[in-house]
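Please look over the sequence and the 3D structure shown here before reading the report.

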Amino acid sequence: MSGPFYEAEIDLGPLKTRRLALIGYGNHGRSHALNLRDMGVDNIVIALRDGSPSRPKAQADGFTVESLDQAVAGADLVALLAADEAHKQIWDDHIAPNRPDGQGLIVCHGFSIDYDMLDPPSDCDVMLAAAKGPGGAVRASFEKGGGLVGFWAVHRDASGEAAAIAKAYLAAIGCGRAGIYPTSFKEEALADILGEQAVLVGGMCALAREGFEQLVAAGISERMAYIDTVHELKYIADLIHERGIHGMYAAISDTAEFGAHEVEGPIRDAVRPVFQAIVKDVTAGDFARRWVADYDQQRAGLHRMRAAVKDHPLEAAGLQVRGAVARRKDGSAT
Ligand SMILES: NC(=O)c1ccc[n+]([C@@H]2O[C@H](COP(=O)([O-])OP(=O)(O)OC[C@H]3O[C@@H](n4cnc5c(N)ncnc54)[C@H](OP(=O)(O)O)[C@@H]3O)[C@@H](O)[C@H]2O)c1
């Protein structure tokens, strides 16, 4: 059966009987740890690097914190919830030298396995348990009685229990309330990266920035240009999230809809070759190799690109617009 699976159908036993080390206590790590514990999976240790700023937070949340070496040595199962670009270094320096035979590995994104950053040995269950959304939402939705949709996959089943473990893990972080589906590492990695690069982050920011620049070049004030190309994105995103694209179109003015239908085609024609190049780049593992190489150079490329974004005139306009809205809200403006 291909799912969806819901929590009542999933046995948490394969998880509760294992000692679990969670590496990383960032957005996903913290949410996973809190949800797991609330679901009765309490044999958990948080593994953090020396000097980690997350240590006080994990301890304040009541978790035992250990070094990576110590936590890995005492675990039956490791959930690697650290930044993807660090997975190879963490595997080589901490997991491979300390793992007991038969220890399993869970990742929450297909990146490091699908792009061959790691090559766990044949005694290692290798599983994907991906809650689809930002880490903070894993906890926030759980606290409201819900959960995020989850996808599981097995890269290697050494114990014969890998699928059961992956599904139990997803159920225990709340995904069993929204639906748990099978996938493959390849599918999850490409879909996630293409989605964030071409559409949700890179694509959306490129369109917003281009729109802002064109409006300013046409003599529109930066404040107005920001509002119409960036600030209002939230309202459209909320409508699409709640109703889909067709439902969003039904909820906006006919003028906006008519014009949008007319330009969708030419915009798609223009970006198609770029999207096709992204698919090739990601599928071939070239993006992963560039990103890990940049990580090895202390993220020099990322820092350079981040600085360029910060200096764009759109940011100053945004500060003004958001500042004015915030002052109005807290009563400091009349
Ligand atoms: N499935 C999905 O839809 C989805 C969505 C978002 C993210 N994810 C995945 O979730 C994972 C974590 O993402 P996140 O958003 O939680 O990241 P995050 O908030 O940046 O947290 C990363 C954690 O990793 C730790 N870390 C980073 N480098 C490390 C190293 N070299 N050694 C030891 N620990 C290290 C950090 O330690 P410190 O606390 O010491 O800094 C931090 O606790 C990634 O695999 C990401 O792809 C999946």
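## Basis

This is a predicted model, in which local features need pLDDT of at least 70 and side-chain atom pairs count only at pLDDT 80 or more, while totals for chains, interfaces and linings use all residues. Residues are numbered from 1 along each chain as its sequence is written, and side-chain values use heavy atoms, with hydrogens and water left out.

Strands here are DSSP runs (E, at least two residues), numbered from the N terminus. Strand E6 spans residues 126–131, and six of its six residues are buried (under 20% relative accessible area, with a 1.4 Å probe and protein chains only). On one side of E6 lie Val126, Leu128 and Ala130, and on the other Met127, Ala129 and Ala131.

Two strands pair if DSSP finds at least two bridges between them. E6 runs parallel to strand E5 (residues 104–107), with three bridges; Val107 has Leu128 in E6 as its bridge partner. E6 runs antiparallel to strand E7 (residues 150–156), with six bridges; Ala130 has Phe151 in E7 as its partner.

## Aromatic rings

The whole structure holds four aromatic pairs (ring centres of Phe, Tyr or the six-membered ring of Trp within 6.5 Å; planes under 30 degrees apart are stacked, over 60 edge-to-face, the rest tilted). One of them, Phe111 with Tyr115, is edge-to-face, at 5.7 Å centre to centre and 80° between the planes. Phe111 and Tyr115 are both buried. Ring pairs link Phe111, Tyr115 and Phe287 into a cluster.

Key
Buried means under 20% relative accessible area, exposed over 50%, partly exposed in between (1.4 Å probe, protein chains only). Helices (H or I, at least four residues) and strands (E, at least two) are DSSP runs, numbered from the N terminus.
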